[in-house]
Amino acid sequence: MIKKDNAPLQPVFTNRELSWMDFNGRVLEEANKKESPVLERMKFLSITASNLDEFYMVRVAGLQEQVLSKYKAPDISGMLPAEQLKALSEKIHGFCEQQYACFHRSILPELHRAGIELLSGSELSGRQQQYLDDYFDRVLFPVLTPLAVDRSRPFPLLANKSLNIAVRLLGEEGEPDFAVVQVPSILSRFLELPGCEDGMHAFILLENVIMLQMHKLFELHPIKAMSPFRVTRDSDLSIDEEAEDLLSEIQKSIKERKRGRPARLELLQNCDRETMEFLTDMLDVQPCDIYEVPGPLDLTFCMKFSMLPGYDKLRVPPIVPVEPADFYGCTDMFSWIRQKDRMVHHPYESFNCVVDFVRQAANDPEVLAIKQTLYRVSGNSPIIAALIRAAENGKQVTVLVELKARFDEENNIHWAKKLEEAGCHVIYGLSGLKTHCKILLVVRREEDGIRRYVHMSTGNYNDSTARLYTDIGLFTCNDYFGEDASSLFNVLTGYSRPPEYNKMIVAPDGMKKTFCRLIDQELENAQKGLPCGITAKVNSLVDPVIIEHLYAASQAGVPIRLIVRGICCLKAGIAGLSENITVISIVGQLLEHSRIFRFENGGAPKIFLGSADWMPRNLDRRVELVFPVEDPDLRQRLFDTLDLMLSDTTNARIQLPDSSYTAVAKRGRKAVNSQAEFYKRAKSRLKAAEKQNSGLPSGSDPNQ
């Protein structure tokens, strides 16, 4: 980059897709941590594989489509689609080599030392072979369907991400015949084998069992070669949002996803050439999208393997959520929230308080209406059950279910139908926009009139992910928030014009402008010699306008501390451009998901929580919600939360000026694992609440 005269450097950006791969590399580092228990490491290895699957299905496949359609506009880093694909191919192939080096050179030996073996078939004892013979005959044989490929039987349409075995047979005239056998996903991917010695526990993968017994499926033709393979398909939905029936349109698109264009082919390294050529021809996959790996294919099986019962000593102890201190002793959530705003930090503190809030609202005769947004919910959602109960009790229940939540579309369609059948008013959001905000409004009749209770969060109303993702939720009955919540739902459900909100910041109508204004205010404060600074925690930082404003603030001397878990297109630490910006990424036992924004504001700090990352899709193409936290005690808790994460020396990596990441320097510093410390703090706060509440009447508020 050239700097002219004394002019500031022009903004520079990291490519989004390469930055994402760097993030997945940080997850892989967790799998390589030799000090971690081996099954914990297998869990992280599985996460890298499932992450890469989705990345290929959406981002890489999207770039492939751009190249096929001759789209040649550069991204914010200046790279053309074809250049991005080339760089990604090199990076992903290298990444896969690292994945399998971790599996074969590190995890398998560690499993062996722990008394666990993963056998391929050649090491089986007679008893184990007999066990597999019996299992194949009883269970597998009735399930398997060999699919021959010849002139009268075309190559089958294989499900996305399914594991298959290609079989090359000797035909009647000496020409090769081919067949495909799908490894049934309905059965466990691995089996435990009997008859082990020296206290060892042996397992074998299902595809190896099938290949050992494959001759039973092809008795009339000699088998010349076999190879497992796996196809990843383009899975980004193409939805006509102007369709008369959006639900039917999305259901149709989900079916099309299963037939999407093959984007990647995975094979074993020892796959014979004829079989590879056959698969490449049938699937029409480019050479750069063929991945030959030492196996086993599809490392996502490591997640279930890491959960094997009886091996707790080989895992990190789980974080078991404690009762939130803010609700300790609470029997009436409405009276509790009337006293003061309440805040809960998941998963250190239990998500049950959110479920209880909806359940109490459903059963309270004074509650008139419940309005809620749902983006991703669990498979057996207690939130949904409570909303159904509320409708059955005659309450006005309005639920915005986002049908376009990627890879959760089918689940959301299912729940939308259930809610409608129960009498809830179900809406599907605004045309052209995903509704990603997390808000719940309860309207209640009380002695002094109608009161609105609001819950807002950084994360989904999903009791399952609430045990794995770090998120923060706020309960309030502040009148300004109540008015804002009603206005927001009127925009979502009707034709209301976006209002001037009292407190809330809502995308896409004003959030980007507001963030830019807040950043620019820090720049002005720096120029005036007033206290200034920005601390932000987001999942991704991509938006070029936000980044340019951050660069300008840095050049004015504003200290900027960013905690960005995943993609970061901003480059930190470049002299003349971003030397006042530091970026860290925290990857640990839990998935960092909360979004927190602090602006020093001349010595009167402002702090916000919300659902939005600093990405164009969040700021321009989604309905998002960011809200201030104003209670002094809760504000201080959030200030402390940010400070603790910035002090992490265990899970944090710091970005270097070349956009690479390195472990935070530990020399002379106390070892800090922010996630473990948050858990300790949640338990300490609960103990303090228990002590403070001892002797108080049931249901009374110790904060009065």
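**Close-up views of a predicted model**

View 1. Strand β7 (residues 223-233) and strand β8 (residues 262-268) run antiparallel and are joined by five bridges, where two strands are said to pair if DSSP finds at least two bridges between them. Helices (H or I, at least four residues) and strands (E, at least two) are DSSP runs that are numbered from the N terminus. This is a predicted model, in which local features need pLDDT of at least 70 and side-chain atom pairs count only at pLDDT 80 or more, whereas totals for chains, interfaces and linings use all residues. Residues are numbered from 1 along each chain as its sequence is written, and side-chain values use heavy atoms, with hydrogens and water left out. Thr 232 has Arg 264 of β8 as its bridge partner.

View 2. The crossing of α1 and α2 is left-handed, a term used if the near helix is turned anticlockwise from the far one by less than a right angle, with right-handed used if clockwise. Residues of α1 including Trp 20, Phe 23 and Leu 28 take part in the contact, as do residues of α2 including Phe 44, Leu 52 and Phe 55. The residues of this contact of α1 with α2 comprise twelve nonpolar, three polar and five charged, where Ala, Val, Leu, Ile, Met, Phe, Trp, Tyr, Cys and Pro count as nonpolar, Asp, Glu, Lys and Arg as charged, and the others, Gly among them, as polar. Helix α2 also packs with helix α3 (residues 81-113) at an angle of about 165°, their axes lying 11 Å apart, and α2 and α3 are therefore roughly antiparallel to each other. This crossing of α2 with α3 is left-handed, and the contact has 22 nonpolar, six polar and two charged residues.

View 3. A second open sheet, of three strands, has the order β1-β6-β5 with mixed pairing. Its edges are β1 (116-119) and β5 (190-193), each with a single partner strand, so one side of each is left without a neighbour in the sheet. The twist averages 30° from one strand to the next. Four bridges pair β5 with strand β6 (residues 201-205) in the antiparallel sense, and Leu 193 has Ala 202 of β6 as its bridge partner. Helix α4 (residues 126-143) packs on this sheet, where it touches β1, β5 and β6, and its direction makes about 135° with that of β5.

View 4. Asp 356 and Arg 359 both lie in helix α10 (residues 352-363), three residues apart, about one turn of the helix, and their side chains meet in a salt bridge (3.9 Å, N to O). A salt bridge is a side-chain nitrogen of Lys or Arg within 4 Å of a carboxyl oxygen of Asp or Glu, and the structure holds 46 salt bridges. The axes of α10 and helix α11 (residues 382-392) come within 8 Å and cross at roughly 10°, and α10 and α11 are therefore roughly parallel to each other. Among the contact residues are Val 355, Val 358 and Arg 359 of α10 and Ile 383, Leu 387 and Arg 389 of α11.

View 5. Most residues other than glycine have a negative phi, and most peptide bonds are trans. A cis peptide bond joins His 346 and Pro 347, with omega about 0°, and Pro 347 lies in the loop between β10 (342-346) and α10. Another cis peptide bond joins Ala 507 and Pro 508, with omega about 5°. Asp 284, in the loop between α7 (273-283) and β9, has a positive phi near 55°.

Terms used: Contact means heavy atoms within 4.5 Å. Axes are lines fitted to C-alpha atoms, for helices over the stretch in contact, and angles run from 0 to 180 degrees between N-to-C directions. Angles under 35 degrees count as roughly parallel, over 145 as roughly antiparallel, 65 to 115 as roughly perpendicular and the rest as oblique.
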